[in-house]
Amino acid sequence: MSQKKLVIYLGLILSICAQWIILKFSGITLHTPWNAVAPGVAIFGAAFLLSWAAELAQFEIPEALAISFLAFIAVLPEYAVDAYFAWEAAKDPQYIHYATANMTGANRLLIGMGWATVIFAYYFRSKKTKVVLPKTSRIDLMALTLATLYCFIIPIKGTLTYWDSIVLLSIFALYIFKQSQTHHAEPEVEGPVAVLAKLPRGRRIFVTVLLFFISGFTIFIAAEPFAEGLLESGRRFGVEEFILVQWLAPLASESPEFIVAIIFALNKKPTASLSTLVSSKVNQWTLLVGMLPLIYSFSAGQILPMGLDARQSEEILLTVAQSFFAIAVIANLSISLWEALILFGLFATQLFFTSGAVRHVYAYVYIGLAFLLLLTQKENRRGLYAVMRETFTLSAKH
């Protein structure tokens, strides 16, 4: 790509982001459906900038850490929405329902729809039926396994407490530390990123930071209006508010990372695509869940547990069970088209049932399939064993 084409391309993407920034701060009120369309288009543009920034960042830091940083920025809208619900929950207990609904919905969407969509998009583009993760993804798998095993106790005790925060945030800190220790190698890039990569190092770093800032800022100010616009449309159709908060709002807030991942997949970069969503899952399953009790207690002005009712405990159990199955799937550092179809099928069909009994059935199905996969597939079993061995070895050293 020539520099002239880069300027045109970059100008177009920036204008897509700028239209919402201007609308947001001009005080103009948009009506349905434009109150969802305008910020949604801005998020789409910001996702392109974010993917470019992540690729450029790999010239300065390890790829795994760059992907983690990308995932963190992309998931910021979800953090903002759930943090708001947790803060309000200290004043109005019904918001605990919204906080847990949003958190469980976001986590299940990420695996059931996000991971599967990446495989589908890559198959559509290349006709290949498997995506292989890099060896550095063992770090993601380690953190995801530790968090998932721990989270099995949350629905049993029926509360979210500051002890949960300490454990989950410690896992996240260990995860980031391990990512920072991975091997650093300059990436092979193409398109707009290839042109930007030729800039002198100082300018390239400046452009990288600027792209991260513009995309992050755009996503942050567009996420809530986008979610509210979708919620307003949902209410018009008489959809239950719990369902709106659990599925529609997370779908809006998860859209940046979904778009980034799909862009990578369609550009035949499936490893970066899936790695982004796996890292996002680690972020949400550790940092997002871990911050909820802290924000709740800070809003209340004292250390308090977030009490969970039967439905909330069932939703968390189902989310933990899905994570356990997902770990079994990628334990061999790969995921096939058939495995993606199973992930998507189980996720999509559960949306049609709302009873607690059915949620328990799906949870047991996930757990049963996980054990079946680990027992019958030697590579998956060995992969998970290797991850756990490295984890406990690391703990012994420290």
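A: In this predicted model, helix H13, which spans residues 310-330, packs against helix H15, residues 356-376, at an angle of about 20°, and their axes lie 8 Å apart. Because angles under 35 degrees count as roughly parallel, H13 and H15 are roughly parallel to each other, and their crossing is left-handed. On the H13 side, the residues that meet H15 are Arg311, Glu314, Glu315, Leu317, Leu318, Ala321, Gln322, Phe324, Phe325, Ala328 and Val329. On the H15 side, the partners are Gly356, Arg359, His360, Tyr362, Ala363, Tyr366, Ile367, Leu369, Ala370, Phe371, Leu373 and Leu374. Sorted by class, the contact of H13 with H15 comprises 16 nonpolar, three polar and four charged residues.

Away from this pair, Gly216 has its place in helix H10, residues 201-236. With a relative accessible area of 14%, Gly216 counts as buried, because the cut-off for that class is under 20%. Gly216 and Tyr162 are separated by 54 residues in sequence, and by 29 Å in space when taken from C-alpha to C-alpha.

As for the cysteines, Cys17 counts as buried because its relative accessibility is 1%, and Cys151 is buried as well, with a relative accessible area of 1%. A disulfide is a covalent bond between the sulfur atoms of two cysteines. The structure holds zero disulfides.

Technical notes. Residues are numbered from 1 along each chain as its sequence is written. This is a predicted model: local features need pLDDT of at least 70, side-chain atom pairs count only at pLDDT 80 or more; totals for chains, interfaces and linings use all residues. Side-chain values use heavy atoms; hydrogens and water are left out. A disulfide is a pair of cysteine sulfur atoms within 2.5 Å. Buried means under 20% relative accessible area, exposed over 50%, partly exposed in between (1.4 Å probe, protein chains only). Axes are lines fitted to C-alpha atoms, for helices over the stretch in contact, and angles run from 0 to 180 degrees between N-to-C directions. Helices (H or I, at least four residues) and strands (E, at least two) are DSSP runs, numbered from the N terminus. Angles under 35 degrees count as roughly parallel, over 145 as roughly antiparallel, 65 to 115 as roughly perpendicular and the rest as oblique. A crossing is left-handed if the near helix is turned anticlockwise from the far one by less than a right angle, and right-handed if clockwise. Contact means heavy atoms within 4.5 Å. Ala, Val, Leu, Ile, Met, Phe, Trp, Tyr, Cys and Pro count as nonpolar, Asp, Glu, Lys and Arg as charged, and the others, Gly among them, as polar.
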